[in-house]
Amino acid sequence: METISENKAFGGTQGVYTHASDATDCDMTFGLFLPGEAADGPVPVLWYLSGLTCTHENAMSKAGAQGWAAEQGIALIFPDTSPRGEGVADDPSYDLGQGAGFYVNATQNPWAPHFRMWDYIVDDLPALVFEHFTLDRDRQAITGHSMGGHGALTIAMHHPDRFTSVSAFAPICNPCDSDWGRKQMTSYLGMDEDTWAAHDATLLMHAAGFDGPMLIDTGTDDQFGDLLKTEAFAHAAALRRQQLTLRMQPGYDHSYFFVSSFMEDHVAFHADALYAV
């Protein structure tokens, strides 16, 4: 692992690091905010998964999360959204290829050799950060925005014993029934739609739900609202009697202005769950 930068922030440290990933078979970059309490021992962890076109840097610079995390004594991890670099497949469109990993393990060419973002987020990066930083493996939560909200919801529902809580900002909730999903699932996973279900939050809610609290915020003026399928997820959660706070925020869109407006609420929501463990 190589340190790219470390800056003092809110009494802690905002770092950026790069490492060779076994999962993606290329170098990956991530951001990590450690609150001051990390100097005294392991601190709880909140994972933040970003959306389409983003790198590790977007949320790190725009979400305004570090101040609220420092107030709660929580570390923040900002992974990248896809493999990158020479020899890594890409596509001219913004919603496929580099910057659009969709948090799945691709099985189709040309994506299969590197686009294994599920394994990267679930196994590879956790192994690295828990080895090198003072983080509490037993207290983890996860959140994300848009494509990253999709990733947060699906990963949490597959790993309810790992995450105390899950939240999302304008998540893609039902990719099997959305143009933000069908295109990517076909490209990465192939034509067999039965293989897509493991990466669809609405279908996972119908099948299993999540053993913990959930929070979702979506703006009523979200310019991509039809692609998110929020209503389908809400219906599935209601049928399952899932503990869920779903807030439709009047006048907000899909941007980081929206995310930063409600970041305090999400960090506090996760702090309540993390410190209850």
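This is a predicted model: local features need pLDDT of at least 70, side-chain atom pairs count only at pLDDT 80 or more; totals for chains, interfaces and linings use all residues.
Me: In what sense do strand 3 and strand 5 pair, and over how many bridges?

Reply: Strands of a sheet pair through backbone hydrogen bonds, either parallel or antiparallel. Here strand 3 (residues 26-34) and strand 5 (residues 75-79) are antiparallel, with four bridges.

Me: What is the order of the strands in the open sheet?

Reply: The nine strands run 1-2-3-5-4-6-7-8-9, and their pairing is mixed. Strand 1 (2-9) and strand 9 (244-249) are the edges, each pairing on one side only. From one strand to the next, the twist averages 20 degrees.

Me: Which strands does helix 2 lie across?

Reply: Helix 2 (residues 65-72) lies across strand 2 (12-21), strand 3 and strand 5, at about 145 degrees to strand 5.

Me: Which residues of helix 2 are buried, and what do they pack against?

Reply: An α-helix has 3.6 residues a turn, so residues three or four places apart point the same way. In helix 2 the buried residues are Ala65, Gln66, Gly67, Ala69 and Ala70. Their packing partners are strand 2, strand 3, strand 5, helix 1 (57-62) and helix 9 (256-274). After helix 2 comes Gly73, with a positive phi near 70 degrees.

Me: How much space lies in the largest pocket, and which residues are closest to its centre?

Reply: Rolling a probe the size of a water molecule over the atoms shows where empty space is left. The largest pocket holds about 210 Å³. It is lined by 13 residues, of which Leu52, Thr53, His145, Phe224 and His254 are the closest to its centre. The lining has six nonpolar residues, seven polar and no charged.

Key. Residues are numbered from 1 along each chain as its sequence is written. Side-chain values use heavy atoms; hydrogens and water are left out. Two strands pair if DSSP finds at least two bridges between them. Helices (H or I, at least four residues) and strands (E, at least two) are DSSP runs, numbered from the N terminus. Axes are lines fitted to C-alpha atoms, for helices over the stretch in contact, and angles run from 0 to 180 degrees between N-to-C directions. Contact means heavy atoms within 4.5 Å. Buried means under 20% relative accessible area, exposed over 50%, partly exposed in between (1.4 Å probe, protein chains only). On a 1 Å grid over the protein atoms alone, a cavity is a set of points where a 1.4 Å probe fits but cannot get out, and a pocket is an open set with protein on both sides within 12 Å along at least five of seven lines; lining residues have an atom within 4 Å of a point. Grid points are joined across faces, edges and corners, and a volume is the space filled by probe spheres set on the points. Ala, Val, Leu, Ile, Met, Phe, Trp, Tyr, Cys and Pro count as nonpolar, Asp, Glu, Lys and Arg as charged, and the others, Gly among them, as polar.
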